[in-house]
Amino acid sequence: MDLVEDMIKSLVQGFGKSTFMEELVAAKRTWEQGATQELTDSCEGISSRWEGLQKGSWPRITYTAAMRLLQDSVSSGKSNFVHEPDAHTGLQLEHEKYIAAHVGLGQPVFVTDYPKAVKPFYMLPSATDGSHYDLVPKTAACFDLLFPEVCEVVGGSLREHRLPQLEASMPDRDTSSNSESAIQCPEKKAGVPTTTAAGAGNLDWYMDLRRFGSVPHGGFGLGFDRLLCYLVGMRSIKDVIPWPRYYGRCDC
């Protein structure tokens, strides 16, 4: 998470030192804003947003604590969500916006240790035994980075690098497939015996990445379009994607 925070802060810092910020905002806002003063105010607001991203460390909260915050908000009558906060079904968009507003207070916020049941099978379990997570005893070593307005921008986790544990988690997630893998591994073609977990389906190639040696590792993905949408203050992500798509056109 430190890497993600430092990366985005460095990116924003580089943007702030460039000369194209006002040009970028003006180009995106010309059709939204009328008077020149309004456009100037818009540029200043975007600049303040960028500066806010670089101030202090971004807050972090566990999924369990975030869910308890949502439930307390409902029970106290402060919020009336369309979707009732449920620890076993994950966070809805309205929940993420509430967390970003009340925990992040204008800054991005990391939400960690989601339930394993709502995350992919390849995520590593949390280091804790989960005894203090009364709402969700089984959690994954993962995080989502929620930005104000646009919500999830980055998602990452540690990966399960141990073959037995990976095999054990696959049947629970229904990873099986009736279709055979399009590319069969050389060991099978050569008649080399391999063990296949029940429910592995056509993911034998993924299992082999652990079977023949692995190391503890992790990774994350950044939604560039969402990040750009937040940085330039656009109302719709459709206005920042490199290749606009609409009915009858789906170029890429």
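Which residues does T112 touch, not counting residues up to four places away in sequence? The list is M1, I61, T62, Y63, C142 and F143. T112 itself has its place in strand β2. Keep in mind that this is a predicted model.

**Around T112**
- Is T112 buried or exposed? With a relative accessible area of 10%, T112 is buried, since anything under 20% gets that label.
- One of the residues T112 touches is Y63, and Y63 turns up again in a ring pair with Y114.
- F143 is also among the contacts of T112, and F143 belongs to a cluster of linked rings too.

**Aromatic rings**
- How many aromatic pairs does the structure hold? There are ten.
- A pair of aromatic rings is described by the distance of the centres and the angle of the planes.
- Take Y63 and Y114: their ring centres sit 5.1 Å apart with the planes at 45 degrees, so this pair counts as tilted.
- Y63 is part of helix α4, while Y114 belongs to the loop between β2 and β3, so the pair ties together parts that are 51 residues apart in sequence.
- Both of these tyrosines, Y63 and Y114, are buried.
- F121 and Y206 make an edge-to-face pair, because their planes are at 75 degrees, with the ring centres 6.0 Å apart.
- That pair also links distant parts of the chain, with F121 in the loop between β2 and β3 and Y206 in helix α8 (residues 204-211), 85 residues apart.
- Y206 has a relative accessible area of 13%, so it counts as buried.
- Then there's a cluster: ring pairs link W58, F110, F143, F147 and Y230.

**Arginines over rings**
- Two rings of that cluster, F110 and Y230, come up again here.
- R49 lies over the face of Y230, 4.4 Å from the ring centre.
- R60 does likewise with F110, lying over its face at 5.3 Å from the ring centre.

**F121 in its loop**
- The loop that holds F121 runs between β2 (109-112) and β3 (142-147).
- F121 counts as buried because its relative accessibility is 12%.
- In sequence, F121 and A168 are 47 residues apart, yet in space their C-alpha atoms are 9.4 Å apart.

**Helices α4 and α5**
- How do helix α4 (residues 63-75) and helix α5 (residues 93-104) cross, and at roughly what angle? Their axes come within 11 Å and cross at roughly 95 degrees, which means α4 is roughly perpendicular to α5.
- On the α4 side, the residues that meet α5 are A66, L69, L70 and S73. Their partners in α5 are H95, Y98, I99 and V103.
- Sorted by class, this contact has six nonpolar residues, two polar ones and no charged ones.

- E84 is found in the loop between α4 and α5.
- Is E84 buried or exposed? Its relative accessible area is 56%, so E84 is exposed, the cut-off for that being over 50%.
- Leaving aside neighbours within four places in sequence, E84 is in contact with V74 and H95. H95 is also one of the α5 residues that meet α4.
- L70, another residue from the helix contact, is 14 residues from E84 along the chain, and their C-alpha atoms are separated by 9.0 Å.

Technical notes. Residues numbered from 1 in each chain as written. Predicted model: local features only at pLDDT ≥ 70, side-chain atom pairs only at ≥ 80, totals over all residues. Heavy atoms only, no water. Axes fitted to C-alpha atoms, helices over the stretch in contact; angles between N-to-C directions. Helix = DSSP H or I, 4+ residues; strand = E, 2+ residues; numbered from the N terminus. Parallel < 35°, antiparallel > 145°, perpendicular 65-115°, else oblique. Contact = heavy atoms within 4.5 Å. Nonpolar A, V, L, I, M, F, W, Y, C, P; charged D, E, K, R; others polar. Buried < 20%, exposed > 50% of the residue type's maximum accessible area, 1.4 Å probe, protein only. Phe/Tyr/Trp six-rings, centres within 6.5 Å; stacked < 30°, edge-to-face > 60°. Lys NZ or Arg CZ within 6 Å of the ring centre and 35° of its normal.
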